[in-house]
Amino acid sequence: MTRHHIALVPGDGIGTEVLPPAQQVLDTVGARHGIAFSYTSYDWSCERYLREGAMMPPDGLDQLREKDAILLGAVGYPGVPDHVSLWGLLIPIRRGFRQYVNLRPIRVFEGVDSPLRGAAAHEVEFVVVRENVEGEYSEIGGRLNRGTPEEIAVQEAVFTRAGVTRVLDFAFDLAARRGGVLTSATKSNGIVHTMPFWDELVAERATVHPQVSWDQEHIDALAAKFVLGPARFDVVVASNLFGDILSDLAAAVAGSIGIAPAANLNPERTHPSMFEPVHGSAPDIAGRGIANPLGAVWSAAMMLDHLGHPAAAKDVTDAIAAVLAKTDVRTPDLGGIATTAEFTDKLLELL
Ligand code: NAI
Ligand code: MG
């Protein structure tokens, strides 16, 4: 019996509704594969911020440090500015634990209608590798002359040779294990310092991974191609901002943002990695028990994979595929009438 100690951070809104299903799935599949989980739950959230003035305690990262992995629901809620909640919880974890790869798989499942006519099940299956700790999301910059006609805001993007190289190497390695094709998102025609640097490093790392064929696309054209021909992609690597936008677009192509998962990986495993659905706290449906739990469940499957249990992970993704293909039980975001609990029960039955 292998035991893993998991930190649960449900966070805000539907984050608290989708983590219990993920936990049920982990316990069910773990029982079959000889994996036991123990959980420690943390109430770090916007509610905590309003109560205590901080999203998490000052020693928050230390409390997580010895855990095997972190499963997170969603962070952010009306009443607390989004940059406060994000920078008070999610970003410190990603950066503090050097989770420099954000991995976001996209798949059109049979039984889910993509809004695109051209996106058929079994054809669209790719992964976005997003740089997760530097790039455009930087604290460097400032504002001057607030509230005056002369007001200015400056924000600097930070790209380092070490930071770009390691995420590119991760993406090339992943492409080598998958279809052998990598697409790099760039914008070196408009952004004249950081993006040419990114492009140079892609070309440089390509020489170290000769088995992968690669190309690059400007982000605007790439966005259009995600819509016009999503089936042609296998691994897409992008900077922090570009990867964020592309992966939400890709999740929409796949039919619902409620299904999309993400892994924040520390590939060296010197720190815990974090797994979270792509979606946010969905204040518009929070508290009604109708959130789609599949994004959180699939994220838990990515966690199983990371913890060295690929067979258990596959059982979970197979159950997700089965519940969508073989039943018409669905939450409202997928056109159904099931509650989160009913949908989860059906999933557990198939698992
Ligand atoms: P959102 O993802 O929370 O919601 C967008 C739309 O998708 C809403 O109509 C929502 O009802 C629907 N939706 C999302 N997840 C769903 C699910 N599992 N089942 C059914 N429907 C679902 O994005 P929004 O509205 O832009 O952000 C709301 C809050 O969440 C904000 O405070 C934002 O900062 C935060 N947020 C947090 C993220 C994170 O924790 N990683 C990511 C995105 C947003
Ligand atoms: Mg996003």
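The dialogue below takes up the helix pairs, the domains and the ligand shell in turn.

Student: What kind of model is this?

Tutor: This is a predicted model, and every value discussed here is computed from it.

Student: Why is H1 called roughly parallel to H11?

Tutor: Helix H1 (residues 15–33) and helix H11 (residues 340–350) pack at an angle of about 15°, their axes lying 11 Å apart. Angles under 35 degrees count as roughly parallel, and therefore H1 is roughly parallel to H11. The crossing in which H1 passes H11 is right-handed.

Student: Which residues of H1 and H11 meet, and how do they divide by class?

Tutor: From H1 come Glu17, Pro21, Gln24, Val25 and Thr28, which meet Thr340, Thr344, Leu347 and Leu348 of H11. The residues of this contact divide into four nonpolar, four polar and one charged.

Student: What makes H7 roughly parallel to H8?

Tutor: The axes of helix H7 (residues 219–228) and helix H8 (residues 240–253) cross at roughly 15° and come within 10 Å. Since the cut-off for roughly parallel is an angle under 35 degrees, H7 is therefore classed as roughly parallel to H8. The crossing of H7 and H8 is right-handed.

Student: How many nonpolar, polar and charged residues does the contact of H7 with H8 have, and which residues meet there?

Tutor: In H7, Ile219, Leu222, Ala223, Phe226 and Val227 meet Phe242, Leu246, Leu249, Ala250 and Val253 in H8. By class, this contact has 10 nonpolar residues, with no polar and no charged ones.

Student: Why is H9 called roughly antiparallel to H10?

Tutor: Helix H9 (residues 294–306) and helix H10 (residues 310–326) have axes that come within 7 Å and cross at roughly 160°. Angles over 145 degrees count as roughly antiparallel, so H9 is roughly antiparallel to H10. H9 passes H10 in a left-handed crossing.

Student: Which residues make the contact of H9 with H10?

Tutor: On the H9 side the contact is made by Leu294, Val297, Trp298, Ala300, Ala301, Leu304 and Asp305, and on the H10 side by Pro310, Ala312, Ala313, Val316, Thr317 and Ile320. By class, the contact of H9 with H10 has 11 nonpolar, one polar and one charged residues.

Student: How is the protein chain divided into domains?

Tutor: The protein chain is divided into domain 1 (1–99 + 263–351) and domain 2 (114–254), and 24 Å separate the centres of domain 1 and domain 2, taken over C-alpha atoms. Their contact takes seven residues from domain 1 and six residues from domain 2. On the side of domain 1 that touches domain 2, the residues divide into two nonpolar, two polar and three charged.

Student: How many residues surround ligand 1, and how do the residues of its shell divide?

Tutor: Ligand 1 is surrounded by 23 residues, of which the closest are Gly76, Gly258, His279, Gly280 and Asn292. The residues of the shell around ligand 1 divide into 11 nonpolar, eight polar and four charged.

How values were computed
Residues are numbered from 1 along each chain as its sequence is written. Chains are lettered from A and ligands numbered from 1 in the order in which they are written. This is a predicted model: local features need pLDDT of at least 70, side-chain atom pairs count only at pLDDT 80 or more; totals for chains, interfaces and linings use all residues. A residue is near a molecule or strand if its C-beta atom, placed from the backbone, lies within 6 Å of it. Ala, Val, Leu, Ile, Met, Phe, Trp, Tyr, Cys and Pro count as nonpolar, Asp, Glu, Lys and Arg as charged, and the others, Gly among them, as polar. Domain bounds come from an automatic or database domain assignment. Two residues are in contact if their C-beta atoms, placed from the backbone, lie within 7 Å. Axes are lines fitted to C-alpha atoms, for helices over the stretch in contact, and angles run from 0 to 180 degrees between N-to-C directions. Helices (H or I, at least four residues) and strands (E, at least two) are DSSP runs, numbered from the N terminus. Angles under 35 degrees count as roughly parallel, over 145 as roughly antiparallel, 65 to 115 as roughly perpendicular and the rest as oblique. A crossing is left-handed if the near helix is turned anticlockwise from the far one by less than a right angle, and right-handed if clockwise.
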